[in-house]
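Please keep the sequence and the coordinates at hand while reading.

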Amino acid sequence: MHRAHTAFSLALSPMAHRNFATWLLKSGTSQKLAKATAAAAVRTYNSAAAEPFANGSTATYVEEMYNAWLRDPASVHTSWDAYFRSNTYTSPPNLAPVQANTLPLTAFNLGGGAVAGAAPDSKTIDDHLAVQAIIRSYQIRGHNIAHLDPLEINSPELPGNSSTKTIYANFSFGEQDMERQFKLPSTTFIGGDEASLPLKEILNRLENVYCNKIGVEFMFINSLEQCNWIRKRFETPGVLNFSPEEKRLILARLTRATGFEAFLAKKYSSEKRFGLEGCEIMIPALKEIIDVSTELGVESVIMGMPHRGRLNTLANVCRKPLNQIFTQFAGLEAADDGSGDVKYHLGTYIERLNRVTNKNIRLAVVANPSHLEAVDPVVQGKTRAEQFYRGDQEGKKVMSILIHGDAAFCGQGVVYETMHLSDLPDYTTHGTIHVVANNQIGFTTDPRFSRSSPYCTDVARVVNAPIFHVNADDPEAVMHVCKVAAEWRATFHKDCVIDLVGYRRNGHNEIDEPMFTQPLMYQKIRKHKNCLDLYADKLIAEGTVTGEEVKSVAAKYENICEEAFALAKTETHVKYKDWLDSPWSGFFEGKDPLKVAPTGVKEETLIHIGNRFSMPPPNAAEFVIHKGLMRVLAARKNMVDEKVTDWALGEAMAFGSLLKEGIHVRLSGQDVERGTFSHRHHVLHHQLVDKATYNSLQHMYPDQAPYSVSNSSLSEYAVLGFEHGYSMTNPNALVLWEAQFGDFSNTAQSIIDQFISSGQSKWVRQSGLVMLLPHGMEGMGPEHSSCRVERFLQMSSDDPDYFPPESDEFAVRQLHDINWIVANCTTPANLFHILRRQIALPFRKPLILCTPKSLLRHPEAKSPFSEMSEGSEFQRIIPDNGPAGQNPGSVKKVVFCSGRVYYDLTKMRAEKQLESDVAILRVEQISPFPFDLVKEQANLYKNAELVWAQEEHKNQGSWTYVQPRFLTALNHSRDVSYTGRAASASTATGSKAQHIRELNALLNDAIST
Ligand SMILES: Cc1ncc(C[n+]2csc(CCOP(=O)(O)OP(=O)(O)O)c2C)c(N)n1
Ligand SMILES: [Mg+2]
């Protein structure tokens, strides 16, 4: 379905870019759509009809007969001939192309006295069906009994795990049948050029392909083409033959991978490094994937990975200078700003020549936190962004590789969420290769206690990704699997998984004792030779290399390490910048780090954008818009004519003006195209033509930047991570993620805590991501009220007790120094400015923006164009502009507040006729705290009592953040008291009556003198 969708979008997009009216393609597109839908239907039919083992065999036999009859009607029995001639038989749409090597059944002397050319008897037919069933069974179940575990301890738990029982339950052949020739069906490639094989050979070959050191799980895939593609790659005789050069390359790479860990173990024996011992083959494996992918056109590879083998990957896959890695062990001071991170979390970015393919390649390993798998969606977002900005629409140039631990891969839900992005039109990276460093243990926990599925990789089955299990002690099998994986990605642009089944030679880290918890496993490991030695022995035995060569390769690498080690010793500082994963070359150069570009724009720009945004598509007569939307557009047009804007229009003005300036805008999240509250309507849907849409923001100016808006999957963790990754790629883009309600953002908490809040401090990496979080106590219950702004504020890094020096640059310096910005705007103009300021800043900071719900339609929550036009700017605090503000000396009470409660407060003040006695001030930018403006405003109201009013509960909202900062701003000379809801465990009551009671109480309390 997604593919159909993609096909449709692709068909649309070139035209859509050239013209305003996507829908003009109406007739053409409906045909294309019909075709795409039909194709999808065919695919679905294929899978059901052709693949299942239970019902496939008879059908396959009939197909075989039909194939034979098509080629030569005389080759089949007259009864078949009559049957096919009668047209009763309809060939299924999946009918595989006839193989060159297939021969008619009757061409064989099938034993039992059958005469060549005569009709086969029923035993012959039954036996052939049985052989076909066996072949299919190997393809489906062979992986279950493959020799995947180097330690031979664990194997998937199946009842009666023996080859014959698992693969062919009702095996009716005896010894006497072993030499009988059987014609091979078109669903296998084990014959190579041969059309038939003796039964013994068929079983041998199948056993070798499917039950040896590789276990291929693929028969669940809903595509016959893809299944055949895989069968061919594994079944064709000779696929596992490697040339001596190839073998030497594997040996050399394995030597480096092994030597690196050994060197660190020798030099830093008591340091944690999360070594790769037991799965060292992962390094040659990654290199093989990269080599083959580069050969197939990839120029940039973005990787995400956890702790295990990370340093080795940086050293031997990315070729990060070894001395920089060794310096990390030295405990040196940092030469640059930031708090840094432990060495096995750091990222890197390298551009280098791939020596095997002789092509230039860019490799990035994305910095990641301890939170396992959290980096997955971030890598995907970064990859997608790089593809987008390179115009790589099919992922041919940029790809991602995600590396996982076995326990984390099946344990962490974000893996599933990320998998589900893999085929969505606006989130796909066109195929990710997942590599599981499966050491059959997670810290101290055995797989039988850490997962309920047979394999740690089963999550990938949901997206029809083939899974290649392979014994990590068989380097050649591993290389073959990697080659197939890279080719798979390049061919089908879909995810696949390589499950490297190895072991962990040491404890979880190097100072852990594994015998406490896995005594038997570790007794076995102690006796088990490492992969390098096993492979070297094999190559020596077969005469590919000599023992001397093996030693000299190892010695050479050790020398390289020693030299780098000596160089590292001369370093006096570590540099965090050496570990940056997403450099923004040129962005910071020549910029005044404290100069913000103006955010106001010419009024004519506002009018132009407003008019476009309120217009139906050009030639609207043909594009049927919903009547309700016609009213929305008309209301927008009215506002433009009156030069005022509401929230949706203010947002569109911000987007449109940035697009005009060449800034790509991407808005993603659940239902963002329409907007959860039905206020945005960026994508208009033709009411009569399916999927025909019009997006006016894509058609503001002929030379504008692209505007992307996309409804996401129902995920916060993965999608927010994805957008964060997206925002890391290009500083000249405004990337926004919107939560359905702000409340739901906490399912993405590790992206917020580990990346957005602390990413710059840990990894010197900036991001201007905007989080739009609908927030407000409007009687909608505990989970539709609060974005938990208190949590964001608690993570803000400005010091509550420090009033920075006052100067013209006060505001920008604060922004420069803080980790992120938290704001709750009450006017469309302020929304407009704060969004534009994200790009106007000479650096990038994440923006956490509480956004309104009822204010979207509040008649007072409107702004005149004059507040957005040239000369206007973002107001960190909106002063009281009424009678109180005009005569501050006589004001009795100043109410500071933030967000939508302002409108309730002003209403209450009007009702009580206290406009001259009570001033209401809005703190629009809560963090960094506007110390200077609070001081300035408080000074105006010399005789007034100061209060903070909020609608959130006392232990929530902004109170705990603003209270100490107020005191600092006021130099502890005046107090600020609290007005609002009492402390509570829940964010909001579920009772409407109680909500209203609470609201009235707080408003009465706040507006009293
Ligand atoms: C989200 C999360 N939960 C718990 C941990 C603590 N932890 C660190 S490593 C580890 C075991 C990981 O096992 P596996 O994924 O198999 O990787 P391995 O260490 O075996 O390579 C655990 C539980 C963590 N880092 N992240
Ligand atoms: Mg593990």
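**Ligand 1 and its surroundings**

Q: Which residue has a polar backbone atom 2.8 Å from a nitrogen atom of ligand 1?
A: In this predicted model, local features need pLDDT of at least 70, side-chain atom pairs count only at pLDDT 80 or more, and totals for chains, interfaces and linings use all residues. Side-chain values use heavy atoms, with hydrogens and water left out. A polar contact is a pair of N or O atoms within 3.5 Å, and the residue whose polar backbone atom lies 2.8 Å from a nitrogen atom of ligand 1 is Ser-370.

Q: How much of the accessible area that ligand 1 has on its own does the protein cover?
A: Accessible areas come from the Shrake-Rupley method with a 1.4 Å probe. Ligand 1 on its own has 580 Å² of accessible area, and the part of it that the protein covers is 74%.

Q: Which residue has a polar side-chain atom 2.6 Å from an oxygen atom of ligand 1?
A: An oxygen atom of ligand 1 is also 2.9 Å from a polar backbone atom of Ala-408. The side-chain contact at 2.6 Å from an oxygen atom of ligand 1, however, belongs to Asp-406.

Q: Is Asp-917 buried or exposed?
A: Asp-917 sits in the loop between helix H31 (901-911) and strand S25 (918-923), where a strand is a DSSP run of E with at least two residues. Leaving out residues up to four places away in sequence, Asp-917 touches Val-891, Lys-892, Lys-893 and Thr-1009, a contact being heavy atoms within 4.5 Å. Because its relative accessibility is 18%, and buried means under 20% relative accessible area while exposed means over 50%, Asp-917 counts as buried.

Q: How many of the residues of helix H29 are buried?
A: Helix H29 covers residues 828-840 and reaches 18 Å from its first C-alpha to its last, close to the 18 Å expected at 1.5 Å a residue, a span taken as 1.5 Å times one less than the number of residues. In the protein chain, buried residues make up 60% of the 1009 residues. H29 is mostly covered, and its buried residues number 13 of 13.

Conventions. Residues are numbered from 1 along each chain as its sequence is written. Chains are lettered from A and ligands numbered from 1 in the order in which they are written. Buried means under 20% relative accessible area, exposed over 50%, partly exposed in between (1.4 Å probe, protein chains only). Helices (H or I, at least four residues) and strands (E, at least two) are DSSP runs, numbered from the N terminus. A polar contact is a pair of N or O atoms within 3.5 Å; within protein, one must be able to donate a hydrogen and the other to accept it, and residues adjacent in sequence count only if both atoms are side-chain atoms.
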